[in-house]
Amino acid sequence: MAIVIRDAEVITMDAATGSTPVTRSIRIEDGLIAEIGASVTLRDTDTVLNGRDRLVCPGFVNAHTHSWEYLAKGRYDNLPLELWMLYSYPILGAAPLPPDLVRLRSLLFAVESVRSGVTTLVDDVLETPSQDFAQLDAVFDAYDTVGVRANISGHVINRPFIDTVPYAAQWLPSEVAERVRSAPLLSAGEYLDFSAEAFRRYAGRAGGRLRYMLAPSGPQRCTDDLLAGATELALEHDAECHIHVLETKTQAVTGREFYGTTLVEHLRRIGALSANTTLAHGIWATDADIDTLAEYDVCVSHNPVSNLKLGSGIAPWRRYHDAGVTLGLGSDGCSSSDTPRLPEVIKAAALLHKVTGPGHETWPTADEVLRAATLGGARSARLHPDVGSLEVGKKADLLVYDLSTLAFTPRNRLDLQLVYSENGSSLRQVMIGGELVVEDGRVTTVDEDALLAELRERLPGIQAEQDRVERENTVFHEAFERMYRACAAEDVGVHRWSGEPAPVAPGM
Ligand SMILES: [Zn+2]
């Protein structure tokens, strides 16, 4: 049975029409776009959706997020990354989260994501103290049930937490430092074995909709052999290798202190850059770093809402574009950005860079932003042959908006209104691989009310545990605050905070 959407306004993101809305019909068969054009084949058995007063566009790719932070939404404010991590991570240990709670967390995260128009998640999943297959299975099961597409990690940190930042360890009480350093860590071999097993275990899961992804946390948080090995394994499986790089000024100082060079250059030297590598953030990259990323065809996932919330700085949007580096858009985790909803990220990306300088010809265009939210994210996830645009042969991952809502009133430029006016409230249907996962704003695949009721019951225990972690971690605060201030005062050769001299665009 086929589904036909007739005569809708369509943003295809294909090479011919890009983000310019055009009137099209779409025929969907076996989960794929079988035809798209001014008219398409129509049979008696087809389910026909009237496209009148409807805008159809490719589903959004959330190119960097952490479902494991979902239960910490709305807990923190006015903490820079290094201090925020102190409170959100159980540095001194915690009991592993039971798989049924991992599943509940993942289901709720997926529900909120798809209801905002996200059809693909790049979900960098960290479990503490370390991840096991029962926990990872729970994430795969949850996304299989909801019907979302996803790359799922495999997040690993294999250096002691206090040795992933400069300076701070020396200012900690020695018994605290010893306690952190005595916690067991995975070797590179153990992580790569786990990942090789994950590739076998999840191969073809949900018809290939769910894939395992490698995710060494960062070049300062993992050993060189792990970073290089993960890069190689990702290439072997044509999977994504997802690494946090240069999110903060502290990390720019870290590169110099740990390796005597930038973190990007360090990754290059150890063989940890490839076309399968995606860097999350990339804010404090130098011009030479950006050229290196372009040379190795590395993608960058840009997270403007999280970067604003943690005061991390402003990523060099125009420089990445000029160098030819593909950008995706990510929400980051709910503990730092408080939302998995991509429309807010799309709007923030379109707005944020306009304050970086007066050269308005360098500001992000709606086309660039929509491209990052769809094709760019798909490329960063190694899914570009399948998703990111509405073209014959690609998966039918698409969004159907109601154009009779106030957000689209009056109808002027639909692409601009999609970026700046619509916040998800006009979204009526979400299709993933040809399946209607959202209808009339409700997820069809799970009972949302039952999930919320289950969470209400379990929440007091979850919150008490996080309260405990925060109390315990106050022991690190003074040393980390001192380290953060010291790094903030240093010159790292680039300026990514407003209030510092802004980069001047060429020709100005
Ligand atoms: Zn992140």
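Handedness here is right-handed if the near helix is turned clockwise from the far one by less than a right angle, and left-handed if anticlockwise. I note that this is a predicted model, in which local features need pLDDT of at least 70 and side-chain atom pairs count only at pLDDT 80 or more, while totals for chains, interfaces and linings use all residues. Residues are numbered from 1 along each chain as its sequence is written, and side-chain values use heavy atoms, with hydrogens and water left out.

**Helix pairs**

I took helices (H or I, at least four residues) and strands (E, at least two) as DSSP runs, numbered from the N terminus. Helix H5 covers residues 188–202 and helix H6 covers residues 224–236; their axes come within 9 Å and cross at roughly 20°. That makes H5 roughly parallel to H6. The axes are lines fitted to C-alpha atoms, for helices over the stretch in contact, and angles run from 0 to 180 degrees between N-to-C directions. Angles under 35 degrees count as roughly parallel, over 145 as roughly antiparallel, 65 to 115 as roughly perpendicular, and the rest as oblique.

I then checked H5 against helix H3 (residues 133–146): the axes come within 12 Å and cross at roughly 40°. H3 and H5 are therefore oblique to each other. The crossing of H3 with H5 is right-handed.

**Zinc site**

Which residues are the protein donors of the zinc ion? I found His64 (NE2), His66 (NE2), His244 (NE2) and Asp332 (OD), at 2.1 to 2.7 Å from the ion. Donors are N, O and S atoms within 2.8 Å of the metal (3.2 Å for Na, K and Ca); water is not among the atoms, so sites may look incomplete. Along the chain the donors of the zinc ion have the spacing H-x1-H-x177-H-x87-D. His64 sits in strand S6 (residues 60–65) and Asp332 in the loop between strand S15 (327–329) and helix H12 (342–352), so this pair ties together parts that are 268 residues apart in sequence. I logged both His64 and Asp332 as buried. Buried means under 20% relative accessible area, exposed over 50%, and partly exposed in between (1.4 Å probe, protein chains only).

The angles among the four donor atoms run from 81 to 175°, and the site is irregular. Four donors count as tetrahedral if all angles lie between 85 and 135 degrees; four count as square planar and six as octahedral if opposite donors are over 155 degrees apart and all others between 65 and 115; anything else is irregular.

**Backbone**

Most residues other than glycine have a negative phi, and most peptide bonds are trans. I listed two cis bonds: Thr128 to Pro129, with omega about 0°, and Ser153 to Gly154, with omega about 15°. Pro129 is in the loop between strand S7 (118–123) and H3. Gly154 is in the loop between strand S8 (149–152) and strand S9 (155–156).

Tyr167 is not a glycine, yet its phi is positive, about 65°. Tyr167 is in the loop between S9 and helix H4 (174–181) and is partly exposed at 22% relative accessible area. Ala206 has a positive phi of about 55° and is not a glycine either. Ala206 lies between H5 and strand S10 (210–212), in the loop, and is partly exposed at 25%.
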